[in-house]
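Student: I am new to this structure and would like to go through it in questions and answers. Please show it to me before we start.

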Amino acid sequence: MVSVNGSIDQTTSMGAVRLTVADLEGVHDFYRDAIGLSDLESRDGIVRLGAAGDSAEPIIELAGDPDALPRPHGTSGLFHLAILVPSRADLARALQRVAETGWRLSGASDHLVSEALYLSDPEGNGIELYRDRPREEWPVRDGVLQMDTLPLDLDGVLGELRRDDAEAPMPAGTRIGHVHLNVGDLAAAEAFYSGALGFDVTVRGYPGALFVSAGGYHHHLGLNTWAGEGAPPPPQSSRGLRQFEIRLSDQEQLAIEDVRLRDAGFEPFDEDGQVRVADPSGNEVVLTASG
């Protein structure tokens, strides 16, 4: 008998993000050369990339479909995937690598809890590269975590570069830190991610956006209606987000989430030890158990 109550497993983390891409070779080269990910074993026609030394743990998965069309404007889907690096020096190397390969940033921000770089891949998928500040430095006011969007001190970040960083790929420990989604309705998204799955709401202060997490993290998921209130899902043949992974600690926690989803009126699909479910905006979520 599975006991279901409270928040999601506090050790929950994010796993791989899978994208549908039309130019598989070009997008693969981008994630390898400009982002610094390493090739992992490809399976079932899916190209997998991860961090150096983390051969079993993909970060990005690419599903090639040369007939896939661009995701239409005003639809739900990926706002950005966020790759978390272990240190500020690693963020500095990421910044240098992007510049050396000729890609341009679309933004750079200090979020108080983190420092972040923004850009897009060749097919327009948004990417955040970021490092977290130590948790004890995260500002809290009246019991509420504070986040902001301030200019990033790029010179300060680049000052962390080391001589031996010249050809270093993304280091071991690099992973998906969070996923930020375009949704059609914030209330429905909150009912799914917080009400059904059990993530805790951490920040409500951004207009048209909501942030949720497990275990006191600043956010594992960002949810926004910036593509438009009521934004519909894109056609299934579109480029962009195919699925993203939420990783639980064990099979018992996975079973708990399965029950929670069914009790909330959703229809998860159990397959090969995973639980698949679409959120109210059509974003495909895959729940897995570590190990």
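Tutor: Accessible areas here come from the Shrake-Rupley method with a 1.4 Å probe, and for residues only the protein chains shown count as cover. This is a predicted model, in which local features need pLDDT of at least 70 and side-chain atom pairs count only at pLDDT 80 or more, while totals for chains, interfaces and linings use all residues. Residues are numbered from 1 along each chain as its sequence is written, and side-chain values use heavy atoms, with hydrogens and water left out.

Student: What share of the accessible surface of the protein chain belongs to carbon and sulfur atoms?
Tutor: The accessible surface comes to about 13000 Å². The part that belongs to carbon and sulfur atoms is 48%.

Student: How many helices and strands are in the protein chain?
Tutor: Both are DSSP runs numbered from the N terminus: helices are H or I with at least four residues, and strands are E with at least two. Counted this way, the protein chain has five helices and 19 strands.

Student: What is the radius of gyration of the protein chain?
Tutor: The radius is taken over C-alpha atoms, and the globule rule is 2.2 Å times the number of residues to the power 0.38. For 291 residues, a compact globule would have a value near 19 Å. The protein chain agrees with this, at 18 Å.

Student: Which residues of helix H1 are buried?
Tutor: Buried means under 20% relative accessible area, exposed over 50%, and partly exposed in between (1.4 Å probe, protein chains only). Helix H1 covers residues 24-33, and its buried residues are Val27, His28, Phe30 and Tyr31.

Student: Why do the buried residues of H1 line one face of the helix?
Tutor: The arc is that of the directions from the helix axis to the C-beta atoms. The buried residues of H1 line one face because, seen down the axis, they fall within an arc of 155 degrees.

Student: How far apart in space are threonine 20 and arginine 239, C-alpha to C-alpha?
Tutor: Threonine 20 is in strand S1, residues 13-21, and is buried with a relative accessible area of 6%. In sequence, threonine 20 and arginine 239 are 219 residues apart. In space, their C-alpha atoms are separated by 4.9 Å.

Student: What is the relative accessible area of leucine 261?
Tutor: Leucine 261 is in helix H5, residues 251-263. Beyond its neighbours within four places in sequence, its contacts (heavy atoms within 4.5 Å) include Phe192, Ala196 and Leu287. Leucine 261 is buried, and its relative accessible area is 0%.
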